[in-house]
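This report describes selected features of the secondary structure and its packing. Please consult the sequence and the coordinates shown here alongside the text.

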Amino acid sequence: MPALELLRTGDGAPESYRLDVSRTKITLTAPDAAGLFYGLQSLAQLAGHHGRRIPAVTIVDAPRFGYRGFMLDVSRHFRDKEFVERQLDLMARYKLNRFHWHLTDGAGWRIEIKKYPALTDIAAWRPYPDWEGWNFGGKRYCHRDDPAAAGGYYTQDDIREVVEYARALHIEVIPEIEMPGHAMAALAAYPSLGCLGEGYEVPSVWGVKEDVFCAGNDSTFRLLEDVMTEVIDLFPSEYIHIGGDECPKVRWKACPKCQKRIRDEKLKDEFELQSYFVQRMEKFLNGKGRKIIGWDEILEGGLSKTATVMSWRGSAGGIEAAKSGNHVIMAPNTHCYLDYYPTRDLENEPRGIGGFLPIEMVYALDPYEGLNAHEREYILGVQGNLWTEFIAELDHAEYMLLPRLAAVAEVGWSYDRKDYPDFYRRMASL
């Protein structure tokens with residue numbers, strides 16, 4: 001069997017590598033540990049295809065984008081840390097390097113915050129077996145000791161284990177703590193944080209979509225800053241995702257505190273109030289040495305130049321942000337929402353949220369669409385997203401991921417060398 005030699009060199013782009021296979025020796029050269037790791041992944045893929053008789057070959061390779069991501073929603077349906085680590089293994093195989101962990105939303109809070117134990121004593125549990133029961137059955141929460149309680153959360157030790165597991169695979173974990181919308185679970189635990197101040201634990205079916213963190217209440221920001229302080233201690237990531245999407249303004253319009261905030265800050269309307277909320281939290285996080293990512297709604301009402309936009313409502317938000325000089329991660333629902341149906345055979349497909357996203361459409365993603373050469377410099381990369389409203393079972397989740405996540409990975413790594421017929425042939429041979 002040929003000897004394997006690993007060499008570090010100062011030459012080459014980050015994460016790049018050169019793999020030389022001869023009859024007597026395999027040499028892997030890279031400028032950094034990540035490049036060596038990805039070269040070993042390619043060597044493993046060759047061995048998986050050819051067995052012990054790996055052909056003589058030279059591969060010189062580098063990723064096109066520095067950000068190659070996957071987002072897992074664990075709010076709608078909780079996944080244990082073993083499932084998360086299995087997905088990290090999958091990501092490493094396909095050279096994905098950013099794990100976006102959607103930890104909080106209206107349907108559940110999944111991260112232990114020691115200063116605010118009710119977030120996991122109440123907001124992590126629902127008296128329903130799945131998201132559909134919760135969403136269509138009253139949207140109630142319950143205490144963890146309730147015999148009907150379903151859900152779960154990650155302890156801080158769980159978080160540290162997953163972050164370290166990912167680090168060994170050269171994956172950075174980016175947590176998402178949703179604000180100012182998608183806050184119902186947090187409001188059930190701490191109702192004083194909302195504009196109404198009560199009634200969130202058993203909300204009305206129709207009112208739930210309108211409830212958000214109160215932007216006029218300073219105690220809201222104190223709690224969120226406390227939460228983020230603990231989050232920062234757990235996650236060494238460059239970025240913290242703060243959500244910012246689908247924030248209704250109904251409560252703010254009727255809230256005296258929010259209206260006072262608009263007047264005091266000389267804001268034009270509730271859209272600028274949302275911008276105030278986002279930028280206030282961004283300033284706090286910047287002061288802790290972190291940057292923010294937000295869904296493309298953070299463009300509404302104005303955006304700081306240091307915020308990164310994750311474009312999900314198609315590519316329009318990302319295009320707008322790049323033209324304005326903000327960094328962008330392209331994750332448009334048109335190409336990257338892996339909870340959409342992979343085929344039109346709905347009678348035999350497991351449940352999806354709707355839509356139709358075949359693998360060829362994922363592969364067709366063009367992160368640079370509509371941008372000139374200068375504007376393209378602001379595109380950090382791409383990301384596939386798995387929302388789990390209708391995905392309760394673990395095997396269902398993995399079915400929705402593959403092979404479409406591999407297509408996202410190839411766009412991120414080999415954008416300028418894409419070849420769908422060749423990709424399809426390779427996937428079919430696995």
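The sections below treat a set of paired strands and then a pair of packed helices.

## Basis of the description

The structure is a predicted model.

## Strand β3 and its partners

Strand β3 spans residues 25–30 and is mostly covered, with five of its six residues buried. Strand β1, formed by residues 3–8, pairs with β3 in the parallel sense, and six bridges link the two. Within this pairing, K25 of β3 is the bridge partner of A3.

Strand β2, comprising residues 17–21, also pairs with β3, but in the antiparallel sense and over four bridges. Here T29 in β3 stands opposite R18.

## Packing of helices α2 and α15

Two packed helices are described by the angle between their axes and the distance between the axes. For helix α2 (residues 81–93) and helix α15 (residues 394–401), the angle is about 20 degrees and the axes lie 12 Å apart. Angles under 35 degrees count as roughly parallel, and α2 and α15 are therefore roughly parallel to each other. The crossing of α2 past α15 is right-handed.

On the α2 side, the contact is made by F83, R86 and Q87, while α15 contributes L394, A397, E398 and L401. By residue class, the contact of α2 with α15 comprises four nonpolar, one polar and two charged residues.

Definitions and conventions: Residues are numbered from 1 along each chain as its sequence is written. This is a predicted model: local features need pLDDT of at least 70, side-chain atom pairs count only at pLDDT 80 or more; totals for chains, interfaces and linings use all residues. Side-chain values use heavy atoms; hydrogens and water are left out. Buried means under 20% relative accessible area, exposed over 50%, partly exposed in between (1.4 Å probe, protein chains only). Two strands pair if DSSP finds at least two bridges between them. Axes are lines fitted to C-alpha atoms, for helices over the stretch in contact, and angles run from 0 to 180 degrees between N-to-C directions. Angles under 35 degrees count as roughly parallel, over 145 as roughly antiparallel, 65 to 115 as roughly perpendicular and the rest as oblique. A crossing is left-handed if the near helix is turned anticlockwise from the far one by less than a right angle, and right-handed if clockwise. Contact means heavy atoms within 4.5 Å. Ala, Val, Leu, Ile, Met, Phe, Trp, Tyr, Cys and Pro count as nonpolar, Asp, Glu, Lys and Arg as charged, and the others, Gly among them, as polar.
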